[in-house]
Amino acid sequence: MATLGAHKKHKVTIVGSGNWGTTMAKLVAENVTANPTLFEETVSVWVYEEDVTLPKESRHFDPGSELATKPQKLSELFNKLHENVKYLPGITLPTNVVANPDLVDSCKDSTILVFVLPHQFIPRVCDQLAGKIVPFARAICCTKGVDVGEKGIRLMSEAIGMRLNIYCGALSGANIATEIAQEKYSETTVAYDPPPMDSRAPTPNGSPNASMVDLISPSKPVPSERSARLKALPIEYPPLAHENVRKLFHRPYFHVRIVDDVAGVSLGGALKNIIALAAGFVDGLGWGDNAKAAVMRVGILEMVKFGKEFFPDSCKTSTFTEESCGVADVITSCMGGRNFRCAKMSTQRGESIYEIEQKELNGQKLQGTSTAYEVNSFLKQQGLESEFPLFTAVYNILEGNAKPQDLPELIEPKS
């Protein structure tokens with residue numbers, strides 16, 4: 001969708017370069033090339049700098065090369081080899097993806113920021129970017145988690161929007177990054193509820209309140225606890241209505257459905273990781289598919305209940321039941337996601353999940369464990385732990401207060 005008067009293009013930055021961040025950079029880079037009237041060609045990727053030794057199994061390994069004999073900067077290898085050799089090895093990235101280890105510089109002049117970071121790093125990264133980005137930038141959060149503080153619970157899309165004073169949507173689905181990077185078919189859900197001040201096209205049903213970041217006008221003197229002071233996207237840029245947001249992410253192998261329920265999409269992505277831990281625990285016990293299905297059923301019910309209880313004005317049950325970010329993501333996460341795999345290995349080996357994380361994830365972080373703690377902290381504040389027995393049981397297993405063998409009793413409804 002082009003708009004009369006639009007003559008500038010959107011510049012895109014991917015904030016994060018792990019397995020999922022690098023995959024996101026690949027597909028976004030392919031799409032900006034396919035849509036040259038909407039987006040600038042170069043996609044910048046912020047890389048947390050670290051020294052990396054090229055592994056012997058790498059296709060780039062040459063015993064006589066300096067690349068193989070001395071530690072190299074990850075960002076330099078990224079740009080030289082067009083591959084993230086640590087977090088997405090074996091996948092060639094488009095040449096228009098450029099790694100930048102300087103966070104602020106990587107986001108300079110970007111009108112679209114795609115956040116793909118472990119959720120515990122979001123506050124610190126946003127604080128470093130505050131006041132240093134384009135004031136009318138828009139964001140999409142691909143990070144799965146929640147932020148709990150004294151004032152309650154916030155979605156990661158909310159946390160980003162409030163800290164940076166920009167509008168932030170969300171992307172989540174049944175998305176195992178490596179499969180997408182290999183261009184195996186999958187689908188996702190993008191929640192983007194265009195701020196009325198931006199939209200020069202019809203906004204979706206439910207706009208704008210479903211975004212969970214209040215779209216207040218600059219004339220309102222006192223923002224609420226859940227608000228961001230937005231600056232309108234200038235008319236010189238193509239509008240970020242659903243059609244153009246879809247063009248940024250949709251690929252023949254990565255199908256995108258757009259909705260306006262930012263809260264539902266964000267919660268689905270966060271809470272399914274707790275369910276995946278529970279599925280991993282019972283699978284590690286060798287209890288089979290029936291047990292796994294039982295904890296998944298209870299977990300999905302708690303996911304829906306959590307959304308209705310704490311985000312009643314914006315969360316739609318249909319998001320959990322009909323979209324990729326809901327039931328489909330739970331199924332995928334409980335079959336092969338990293339939270340499931342690490343919980344299973346933890347039970348099988350009799351080691352803590354934190355030891356497994358250290359040994360198996362190549363420096364990446366589990367999101368399920370930190371989300372389980374955040375959610376439990378919030379439920380404790382509300383005095384509602386007993387209302388969410390699966391979420392509470394996973395927390396207690398992680399804390400050593402219960403064993404995976406106790407799950408059936410812990411999640412059984414109390415008469």
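These legends accompany several close-up views of the structure shown above.

This is a predicted model, in which local features need pLDDT of at least 70, side-chain atom pairs count only at pLDDT 80 or more, and totals for chains, interfaces and linings use all residues. Residues are numbered from 1 along each chain as its sequence is written, and side-chain values use heavy atoms, with hydrogens and water left out.

**View 1**
The UniProt record, an unreviewed entry, places its "active site" annotation on Lys272. UniProt positions are given here in the numbering used for this model, feature names are shortened, and annotations may be inferred rather than shown by experiment. Lysine 272 belongs to helix H9, residues 262-284. Helices (H or I, at least four residues) and strands (E, at least two) are DSSP runs, numbered from the N terminus. With a relative accessible area of 7%, lysine 272 is buried. Buried means under 20% relative accessible area, exposed over 50%, and partly exposed in between, using a 1.4 Å probe and protein chains only. Look for two polar contacts made by the lysine 272 side chain: one of 3.0 Å to the side chain of asparagine 273, and one of 3.0 Å to the side chain of serine 333. A polar contact is a pair of N or O atoms within 3.5 Å; within protein, one must be able to donate a hydrogen and the other to accept it, and residues adjacent in sequence count only if both atoms are side-chain atoms. Not counting residues up to four places away in sequence, lysine 272 also touches Lys144, Met303, Asp329, Val330 and Ser333. Contact means heavy atoms within 4.5 Å.

In the unreviewed UniProt entry, the annotation "binding site" covers Lys144, Arg338 and Asn339. These residues are spread over 196 residues of sequence, yet they cluster in space, with a largest C-alpha distance of 13.1 Å. Of them, Lys144 is included in the lining of the second largest cavity. On a 1 Å grid over the protein atoms alone, a cavity is a set of points where a 1.4 Å probe fits but cannot get out, and lining residues have an atom within 4 Å of a point. You will find lysine 144 in the loop between strand S7 (138-141) and strand S8 (146-149). Lysine 144 is buried, at a relative accessible area of 11%. A polar atom of its side chain lies 3.4 Å from the backbone oxygen of glycine 173. Leaving aside neighbours within four places in sequence, the contacts of lysine 144 include His119, Ser172, Lys272 and Asp329.

Arginine 338 lies in helix H13, residues 338-349. Is arginine 338 buried or partly exposed? At 24% relative accessibility, arginine 338 counts as partly exposed. Apart from neighbours within four places in sequence, arginine 338 is in contact with Asn19, Leu361, Gln364, Lys365 and Leu366.

Rings of Phe, Tyr and Trp (its six-membered ring) pair if their centres lie within 6.5 Å; planes under 30 degrees apart count as stacked, over 60 as edge-to-face and the rest as tilted. By this rule the count comes to 12 aromatic pairs. The rings of phenylalanine 306 and phenylalanine 310 have centres 4.8 Å apart and planes at 65°, so this pair is edge-to-face. Both residues sit in helix H10 (residues 288-310), 4 residues apart, about one turn of the helix. Phenylalanine 306 and phenylalanine 310 are both buried. Ring pairs join Phe306, Phe310, Phe378, Phe388 and Phe391 into a cluster. At the ring of phenylalanine 388, look for the charged end of lysine 305, which sits over the ring, 5.2 Å from its centre. A charge sits over a ring if NZ of Lys or CZ of Arg is within 6 Å of the ring centre and within 35 degrees of the ring normal.

**View 1. Two loop residues with positive phi.**
Most residues other than glycine have a negative phi. Asparagine 165 has a positive phi, near 55°, and is found in the loop between helix H6 (156-164) and strand S10 (167-172). Asparagine 165 is partly exposed, with a relative accessible area of 34%. Glutamate 183 has a positive phi as well, near 65°. The loop that holds glutamate 183 runs between helix H7 (177-181) and strand S11 (186-191). Glutamate 183 is partly exposed, at 41% relative accessible area.

Methods:
On a 1 Å grid over the protein atoms alone, a cavity is a set of points where a 1.4 Å probe fits but cannot get out, and a pocket is an open set with protein on both sides within 12 Å along at least five of seven lines; lining residues have an atom within 4 Å of a point.
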